[in-house]
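User: I'm new to this one and would like a close look at a single part. Could you walk me through how the strands pair up, and then what sits around them?

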Amino acid sequence: MKTALDFSHIDGGMLDEVGGKAANLGELTRAGLPVPPGWVLTTRAYQEAAEAAGLDAIVAAGGEGLARAARTRLLETPVPPAVEQAVREAYGRLGEETAVAVRSSATAEDLPFASFAGQQDTYLNVIGPQAVLDAVRRCWASLWTDRAVAYRESNGIDHARVRLAVVVQVMVDSQVAGVMFTANPVTGRRREAVIDAAPGLGEAVVSGAVNPDRFVVDTAGADILQRHQGDKRMAIRPLKGGGTEHVPTGQGNTEHGGDGHGGDSQDGFCLDDVRVRELAALGARVEEHYGAPQDTEWAIDADGKLWLTQSRPITTLYPLPEPREQGLRLYFSVNVVQGVMGPLTPMGIAALKLVASGAASLFAPSPAAPADRRDGPAVLAVSGQRLWLDLTTAVRSRPGRFILPKVLSVGEARSGAVLESLADDPRLSVIHTSRRPIARAAFRFAGRLHAPTRVRQALISPERALAYTRRVGEELDRRLRVPDTATPAERLAHAENVLSGVFPMMISIMPIVITGYGLYGLASKLSGVPLGEMQDVLRSVPHNPTTEMDLELWALSTRIEPEPFRREPVSELVRLYRAGELPPKAQREIAAFLHVYGHRGVAEIDLGVPRWSEDPAHILGVLANYLRMDGGADLAPEALFARGAAEAEAETARLVAAARRRGRLRAAVVRFGLRRTRQVVGLRELPKFYLVKALAEVRRSLLVVGEHLVTTSVLDTAADVFFLTPPEVESALTGGDLRELVAERRAAYEREARRRHVPRVLLSDGTEPEALATVAADGALVGTAASAGTVTGTARVVLDPVGAHLEPGEILICPSTDPGWTPLFLTAGGLVMEMGGSMSHGAVVAREYGIPAVVGVPDATHRITTGQQVTVNGAAGTVTITEPQEAAVTTPV
């Protein structure tokens with residue numbers, strides 16, 4: 001292979017030799033798109049230079065000074081002679097005095113999951129072979145800037161495997177240049193090009209040196225939807241002998257909004273409508289070529305010719321679910337509502353599809369019921385290795401528009417508000433007006449759950465209702481048992497049968513819970529006290545398995561020997577526990593706790609994720625934190641729980657007194673209703689407790705199947721089975737080798753796990769409706785009131801509870817929570833969550849513990865920094881940062 005190649009000689013399969021940018025330019029050139037000519041110096045040249053500089057030893061040594069040391073060595077090392085000759089020959093083919101742009105092209109650049117845009121350096125208007133050689137060396141060194149090293153580390157890319165090619169491209173002496181996204185990067189909307197433009201070279205726009213003109217174009221209809229005029233106070237122009245200069249344009253601040261309706265361009269814009277539409281059309285061609293939205297750079301020269309100088313994938317857009325029906329679809333994130341922001345394993349997705357098929361069967365006969373239970377119901381979609389519900393039919397019906405926001409208001413308030421905001425979108429207009437289909441399905445569903453019986457038990461005999469929930473647990477335990485003699489095929493079939501049958505069992509408990517909340521609402525109406533002012537009634541309710549778990553964990557910490565928990569790191573505690581070498585009582589008590597609660601864990605709805613019984617690090621870390629705390633008996637959770645129960649009784653008495661002023665009968669009903677409420681609403685967590693128990697037992701059984709596949713050389717490890725689907729496992733039992741497939745899926749899973757933003761609601765055209773909402777003025781953080789009370793404390797941003805430490809009184813700032821997070825609640829002074837509604841898991845537990853909480857706060861983990869002082873007003877639903885950002889110096893956990 002030659003060291004220097006013209007663009008026309010590059011194809012997409014040469015990514016490892018030429019890097020992402022050069023591979024893209026080669027493809028665009030061969031596709032006939034208007035790309036300025038040029039050539040690429042392959043990664044072979046960089047490797048020769050790196051070897052001459054002794055870079056391998058520097059990378060192997062690592063450390064904080066890695067970037068500076070590698071960069072300095074490359075700049076000091078002469079360009080190898082063979083490489084210098086290749087550069088001079090290739091540049092000579094363009095003409096000895098040709099002005100060129102010299103750009104870096106990394107092998108880990110412009111990938112679908114990480115664009116690396118701006119991580120390496122670009123040099124413009126380079127003239128002469130020696131200047132090109134100097135620019136090449138500086139491009140190589142820019143692979144080791146601090147920002148490039150940090151970016152690779154955050155994306156999990158091995159420094160030793162990254163190489164750099166260098167693109168040399170004829171300069172366009174542009175009169176106007178800029179960038180164009182072929183999908184809207186803010187709203188996510190596809191087929192909506194966003195164009196930034198400014199006079200001179202495009203570097204002014206790319207670097208953010210100017211406030212450019214902005215245009216938004218509907219590429220399907222070529223309509224210019226928005227024009228926004230920037231000040232464009234400066235332009236970057238090429239100098240005659242090489243290099244660039246910043247030239248004032250003399251334009252004042254003329255920023256203003258456009259009319260948004262197309263027509264003639266206004267004075268002061270650097271592009272007219274014809275050019276804007278021409279650019280949008282070019283962007284559409286590029287996107288069609290790649291089959292995905294693109295981030296492009298473009299330029300218009302002095303002769304008026306439009307050039308495409310660069311194209312890379314837009315990596316920040318969330319991938320769209322594959323629609324099962326035509327037209328605009330509306331998707332709701334199952335992951336977000338469950339507080340699991342990361343991806344799900346393939347087997348985890350398959351398991352939840354089976355569970356959902358069991359749920360759909362309760363409505364059968366219905367289009368929602370799948371023909372094959374492995375496919376899941378038609379309303380379930382997968383994208384970004386996460387699950388989504390297609391709510392289009394519900395949103396386009398009158399009953400759905402009435403019911404959905406009310407249901408979501410207590411579980412995912414921000415999503416409910418988003419759905420209400422979409423009511424005015426004509427593409428989602430009401431087309432289903434009849435209530436009969438929904439009523440029939442609801443009656444069928446209620447009948448199959450024996451809901452009237454469960455409601456009657458909750459009202460008349462709560463003890464019988466509680467006894468029924470225990471029988472459900474006993475029946476589940478019976479169904480979960482698998483004979484030790486079961487074959488791998490029998491275990492797989494048993495797992496699928498359990499998963500498709502677990503939902504009808506666990507959901508049969510919910511009519512009891514709903515009865516309690518219904519009586520809670522009735523008490524509000526009869527007493528005249530708003531629901532938001534009577535939350536203390538729900539404090540310290542009994543029969544909540546998650547609360548019972550947390551209290552037992554605290555009690556466990558008071559019974560066991562404090563050593564070695566007060567001195568050893570968590571990793572050592574795990575080793576001691578697994579070796580049976582903890583102090584006798586601690587060893588015995590922890591094992592007993594995990595026997596009851598070991599099926600739980602973080603992201604526990606994914607059966608592909610280890611449970612606490614497999615990896616007790618989180619539980620041992622929590623115990624260590626508890627044993628290191630200093631606090632009196634009044635701060636012990638059991639004392640707080642008892643105090644909460646007493647406050648609930650006092651609140652009940654207040655509500656009864658308020659109702660008595662309206663009549664004695666009302667008072668009697670309120671007293672009865674709230675007593676029943678407290679007896680049964682704690683069961684809200686029990687259905688999920690049972691579901692997770694089923695998932696954990698299925699996981700245990702599938703690990704046995706995985707071990708069998710290891711012995712037959714199909715897999716490397718037993719846990720690899722969770723990166724397959726049931727049909728694939730079924731097929732693998734007859735032989736084959738799936739190790740390469742598993743490796744690809746693990747890599748894809750790890751890439752998705754780095755995604756920080758997951759929409760809660762997504763339209764099939766890519767729009768994230770929440771992105772269109774107006775941000776609160778003055779940076780105020782406003783969410784949903786979840787647990788009354790006001791507290792001021794130090795913020796602690798926690799993205800993963802495993803290994804996290806929360807000092808008593810600190811404010812827990814987190815994306816969302818599931819039961820795996822709740823041990824942290826015992827020391828938290830307050831709670832702020834990005835997700836959830838007033839009845840979401842974190843909100844319920846916060847109320848029970850008496851912790852002021854605000855949920856549904858947009859971007860809380862980004863807008864608040866560990867160490868800041870914040871005030872949480874759980875009644876008003878506000879979070880105030882009382883210490884400025886600059887004062888915070890610690891980092892998120």
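**Strands, hairpins and a helix pair**

Analyst: Strand 13 (residues 294-300) and strand 14 run antiparallel to each other and are paired over seven bridges. Keep in mind that this is a predicted model. Now check how covered strand 14 (residues 306-313) is: eight of its eight residues are buried, so strand 14 is largely enclosed by the rest of the structure.

Another hairpin is built from strand 6 and strand 7, with six residues between them. Here Gly 188 is the turn residue with a positive phi, about 85°. Strand 6 (residues 176-183) is antiparallel to strand 7 and joined to it by seven bridges, and Met 180 sits opposite Ile 195 of strand 7. Strand 7 (residues 190-199) also pairs with strand 8 (residues 213-218), again antiparallel, through six bridges. There, Asp 196 has Arg 214 of strand 8 as its bridge partner. Strand 7 is mostly covered, with nine of its 10 residues buried.

Next, go to the open sheet of five strands, which has the order 1-2-5-3-4 and antiparallel pairing. Strand 1 (4-6) and strand 4 (122-127) are at the edges with a single partner strand each, so one side of each has no neighbour in the sheet. On average, neighbouring strands of this sheet are turned by 25° against each other, direction ignored. Strand 1 is held to strand 2 (residues 38-41) by three bridges in the antiparallel sense, and Asp 6 stands opposite Trp 39 of strand 2. Helix 5 (residues 81-94) packs on this sheet and touches strand 1, strand 2, strand 3 (99-106), strand 4 and strand 5 (164-170). The direction of helix 5 makes about 175° with that of strand 2.

Last, a pair of helices. Helix 11 (residues 346-361) packs against helix 18 (residues 488-507) at about 45°, with the axes 7 Å apart. That angle makes helix 11 oblique to helix 18, and their crossing is right-handed. Helix 11 brings residues including Leu 354, Val 355 and Gly 358 to the contact, while helix 18 brings Glu 496, Leu 499 and Phe 503, among others. Sorted by class, this contact has eight nonpolar, two polar and one charged residues.

Methods:
Residues numbered from 1 in each chain as written. Predicted model: local features only at pLDDT ≥ 70, side-chain atom pairs only at ≥ 80, totals over all residues. Heavy atoms only, no water. Axes fitted to C-alpha atoms, helices over the stretch in contact; angles between N-to-C directions. Helix = DSSP H or I, 4+ residues; strand = E, 2+ residues; numbered from the N terminus. Parallel < 35°, antiparallel > 145°, perpendicular 65-115°, else oblique. Left-handed = near helix turned anticlockwise from the far one by under 90°. Contact = heavy atoms within 4.5 Å. Nonpolar A, V, L, I, M, F, W, Y, C, P; charged D, E, K, R; others polar. Pairing = 2+ DSSP bridges. Buried < 20%, exposed > 50% of the residue type's maximum accessible area, 1.4 Å probe, protein only.
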